[in-house]
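Please keep the sequence and the coordinates at hand while reading.

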Amino acid sequence: MAWWYARAPRERWMLTGMCAAIAAFVAWYGLLGPLQGVRQAAADRHADALMDAAEIEHALAAIAASGRPAGDTLSADALQRLVTDSAGAAGISFDRCGETADGGLEVAVDAVAAGTLFNWLDGLRLEHGVAPVAVDVERREGRLRAELRFAPAQ
């Protein structure tokens with residue numbers, strides 16, 4: 001304190017101003033700049049996620065619109081065989097598989113590559129006219145977790 005009071009008032013004002021300028025510089029470049037970078041990265045990830053979700057919704061709408069060919073019906077057993085056999089051929093193994101109350105099929109896959117899952121679903125739609133009526137997909141550790149529900153033909 002003795003050093004501070006030994007300075008002239010003009011020097012004290014100058015030192016106070018320099019300290020304030022240095023503090024503002026440190027706050028801007030040490031804190032606010034990096035936070036803006038983090039904010040921009042989060043906004044970019046959010047935009048990517050929205051685009052991915054829109055693509056999936058578009059693909060699901062196309063699958064749902066394709067429907068089954070007229071006059072071609074599958075029983076609940078035939079639907080289950082078709083789905084499980086085609087999944088096995090595509091290299092997909094179900095972690096859970098069960099019949100729904102309406103005679104449909106509900107399956108879950110805990111870890112599958114996105115290309116494998118969507119190629120299998122597209123093959124089901126194109127080759128057999130079968131598409132899931134409900135799909136829940138989420139990304140986990142670089143792979144997808146999917147729950148799919150297939151309904152028997154009406």
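Glycine 91 comes directly after helix 3, and its phi is positive, near 85°. The model under discussion is a predicted one. Helix 3 itself spans residues 76-90, a run of 15 residues. From its first C-alpha to its last it reaches 21 Å, close to the 21 Å expected at 1.5 Å a residue.

Which residues of helix 3 are buried? They are Ala78, Leu79, Leu82, Val83, Ser86 and Ala87. These residues cover an arc of only 155° around the axis, and therefore lie on the same side of helix 3. The face turned away from that buried side carries Arg81 and Asp85, both exposed. As for the partners of the buried residues, they pack against strand 2, helix 4 and strand 4.

Leaving aside neighbours within four places in sequence, valine 83 is in contact with Phe94, Leu105, Trp120 and Phe150. Val83 also belongs to the largest nonpolar core, which has 19 residues. The members that touch the most other members of this core are Val83, Ile92, Phe94, Leu117, Trp120, Leu148 and Phe150. Helix 3, strand 2, helix 4 and strand 4 are the elements that give two or more residues to the core.

A pair of aromatic rings is described by the distance of the centres and the angle of the planes. The structure holds 3 aromatic pairs. In one of them, the rings of phenylalanine 25 and tyrosine 29 have centres 4.9 Å apart and planes at 50°, so this pair is tilted. Both residues lie in helix 2 (residues 9-66), 4 residues apart, which is about one turn of the helix. Are these two residues buried or exposed? Phenylalanine 25 is exposed, as is tyrosine 29.

Another pair is formed by tryptophan 120 and phenylalanine 150, whose ring centres are 6.2 Å apart; their planes stand at 70°, so the pair is edge-to-face. This pair links distant parts of the chain, 30 residues apart: tryptophan 120 sits in helix 4 (residues 114-128) and phenylalanine 150 in strand 4 (residues 143-150). Tryptophan 120 has a relative accessible area of 4% and is therefore buried. Phenylalanine 150 is likewise buried, because its relative accessible area is 0%. Through ring pairs, Phe94, Trp120 and Phe150 are linked into a cluster.

Two loops complete the tour. In the loop between strand 1 (96-99) and strand 2 (105-112) lies threonine 100. With a relative accessible area of 15%, threonine 100 falls under the 20% cut-off and is therefore buried. Its side chain makes a polar contact with the side chain of aspartate 102, at 2.4 Å. The side chain of threonine 100 also reaches the backbone nitrogen of glycine 104 at 2.9 Å. Not counting residues up to four places away in sequence, threonine 100 touches Leu105, Glu106 and Arg149.

Glutamate 141 is located in the loop between strand 3 (134-140) and strand 4. The phi of glutamate 141 is near 50°, a positive value in a residue other than glycine. Its relative accessibility is 85%, and glutamate 141 therefore counts as exposed.

Technical notes: Residues numbered from 1 in each chain as written. Predicted model: local features only at pLDDT ≥ 70, side-chain atom pairs only at ≥ 80, totals over all residues. Heavy atoms only, no water. Phe/Tyr/Trp six-rings, centres within 6.5 Å; stacked < 30°, edge-to-face > 60°. Buried < 20%, exposed > 50% of the residue type's maximum accessible area, 1.4 Å probe, protein only. Polar contact = N/O pair within 3.5 Å; in protein donor to acceptor, adjacent residues only side chain to side chain. Contact = heavy atoms within 4.5 Å. Expected span 1.5 Å × (residues − 1). Arc of directions from axis to C-beta. Core = buried A, V, L, I, M, F, W, Y, C linked by side-chain atoms within 4.5 Å.
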